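The following paragraphs lead through the overall architecture of a structure, one chain at a time. The sequence and the coordinates are displayed first.

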Amino acid sequence: MTFEQRLAEIRGRLCATSLDRVVAVHDGAHFIEKPDPVKVLTGFKALGPVAAVLDRGGAVSLVVTPRWDAERARECCPGANVIPADDVIDGIEAALGSSPGDVGIAGLAVVPYRIGKCLTELLPRAQPVDAIVFEPARRKIDTELAYAREATRIAELGFQRLLELAGPGMSEDELASELRWHSKSLGAEDNFVLLCAAPHNKAVAPSNGRRMQKGDIIVCELTPSYRGQLAQICRTIVLGEAPALLREKYDLVSTAMRAGFAAANPGAAMADVCAAINTVLEAEGYGEFCHPPHIRRRGHGLGFGSIGPGDVALDNRIVLEPDMLFMIHPNQYLPETGYLLCGEPVIMTAQGVEVLTHQQAALAEIAV
Amino acid sequence: MQTIHPTLLVGPADWDARQMPREEFDERLAVLWRDYPDASGAVVYGNSNCHAALAYLTNFTPKLEAALAFIPRHGEAQLLIGGGVNMVPAAKPLTFVENLAPLREAAKAAAAWARTLPAGDIIMIGGDAMPTGMRRAFDQALGADRKIETADATLQARMTIKRPRELHVLRAACTTLDAAAQALHNALHDNKRVTDCILLAEHAALRRGAQDVRSLFSLDGGRTLRPFDIPLAERRDPLQVYLAVRQSGYWADGFVRVAPAGDTLQEKIGGILDTMVAAAKPGLSCRDLTKIADAERGSLQLHPLADNVFGNSIGLALDEPPNLVRDSNVRLEAGAVYSLRAGLLDEAGAGAISSAIVAMTASGSDVLWRDSAKP
């Protein structure tokens, strides 16, 4: 699917309603779990608050703040009418003109109140229409899939860099900062480097100033973004020699991940993937650890545009289709070992999942 | 200045009690309570994109998910951390607040906390940054029983005037900015590719312990700036870059232009910046400062990144209010720290921007950092 084909599908959904236009809005604060409807409609990753207006005829206006970023927006979106603005609400008002008609809004729930309040004052009758934008974006377009492959390549190189860099005495923050910078040098404009270390991790959490020690288990999610498309790998590394018990338990988590791969087939529900992972762990007596606070989900979609098809979770009934991109990561807390990270990005194909990594997760050791 | 917001803040943000001891925060809170004598408590929200006030009052930087502080006038504060109970241990080193808990059902939690307070108003800080749904739930949950007073502007006015410890940290941030700028100069002189120059500058800052580094650069002779996308093989001379570094919570930013000796635009822009810095003194209005700068400008056009807004206060936020706006009556204040910029376009459309960070003294200004583009 191309960008144009997806935009046509979104327009088709708009035309199937009584609405005249969709206003998509985003605050420019990019976050791995925050969908960006403007990026879906235009491909543009903004510096500041931004909006896109799609009308029934297929015309797209892109409101850009700060106004000096308009030229980059025009380069990125040659088909859009770019409207530079100091304030995104003023820009939306200009884009809608004097007769806005019936308007739906995508992205309203997650924008900051300072924007949401003004937008609802400007368009008091507008209804949330996130599904019009995001349902067609549950499957990735060709360029997003290509970018996800490149982001995965960068993530795997980042993991090799981690194995070179990490050691006792280095702080978690120093390691995370270096890895983020390294991935940028390889072409990632952003990287969600979630990383921590301890002899027994309760979870994976943002790095802090703790200095790593021999015997620590480093758990990390490396999530580079290449041209605005994220991909992720989840890895576990021991500073020193891994005890046999840890190896045994990591094998269990890896087995659960492979069960997830096997369950991910076109026509299956995402919940089935989660259930397949849980089944492996429950069979070994870890049923109580298959639920919060130990685990919330077994994977997730990958933005920055759409985060569809959503979480690999028991309550996600979305049916899997080719060209969906998501993570499968058992990422399990086990009482004997602590939290273990193990996960790969996958693309759904007609035959099942294609795992994007060249080397799947295995417990790694760093000699100290 | 706006740059691309990163999806996760990864750099060092632990609370350093030697640098910012607990009494520093106690004093800041005491001022807040003096400003709001009828308040019995404060609700302070922050997320990874907007958390200067939260950091000012708790030292906490929300690296991943949002956080909410409940601060009573009397007694200990509570900090609610997004991401669940297992995120709490990792958050502890980032703050002096001892009572940390997971952030769940924020509005209900705030209402329950408010019921424990004696009579009085509740002040809200950061409420405009809350997701729309959360803020509406807050208004509903808190508004029935208590007067909710928005305190952002008042607190921001206090935050604009830097305290001695803040000034000390800002100087350190400027030293890191200077190291990054120097690395940029060195890289260009070594004939590095444009994005390699940026990467080397950013790495120089990270090696000095920077918490965050942001950049923008030009591919069209300084006319427009853009964020890093992918590595580029091109080289640029002159090279126009914007760098921002954050150290111990505090930002320093600068427009750096590296140009060959004798570059006319460089000389012009350096002269204007020097004039602006020399003129900056408490009480001077933005309108008058731009008049002084315009006298140096001649017939050259203002750069779009320095035409209307030519600077701002800087500190725990990169774009801390107030903006210095060309025709405004906003006056420079003693004790404030500003990022000032001058920018021009020449007849051929090439652009140049140069900047400085100045700390306002009682009678003038102290230059904390300046782009080395000299007239």
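Of the 375 residues of chain B, what percentage count as buried? In this predicted model, the share is 52%. A residue is placed in that class when 20 or more other C-beta atoms lie within 10 Å of its own.

The secondary structure of chain B consists of 10 helices and 15 strands. Its radius of gyration is 22 Å, close to the 21 Å that the globule rule gives for 375 residues, and chain B is therefore as compact as a globular protein of that length. Taken along the principal axes, the box filled by the C-alpha atoms of chain B has dimensions of roughly 70 × 45 × 40 Å. The contact pattern of chain B can be described by sequence separation: among contacts between residues at least 6 apart in sequence, 67% join residues at least 24 apart.

The C-alpha atoms of chain A occupy a box of roughly 70 × 40 × 35 Å along the principal axes.

Of its 368 residues, 58% count as buried. Where contacts in chain A span a separation of 6 or more, residues 24 or more positions apart account for 65% of them.

Technical notes. Residues are numbered from 1 along each chain as its sequence is written. Chains are lettered from A and ligands numbered from 1 in the order in which they are written. This is a predicted model: local features need pLDDT of at least 70, side-chain atom pairs count only at pLDDT 80 or more; totals for chains, interfaces and linings use all residues. Helices (H or I, at least four residues) and strands (E, at least two) are DSSP runs, numbered from the N terminus. The radius of gyration is taken over C-alpha atoms; the globule rule is 2.2 Å times the number of residues to the power 0.38. A residue is buried if 20 or more other C-beta atoms lie within 10 Å of its own, exposed if 12 or fewer, and partly exposed in between; C-beta atoms are placed from the backbone. Two residues are in contact if their C-beta atoms, placed from the backbone, lie within 7 Å.
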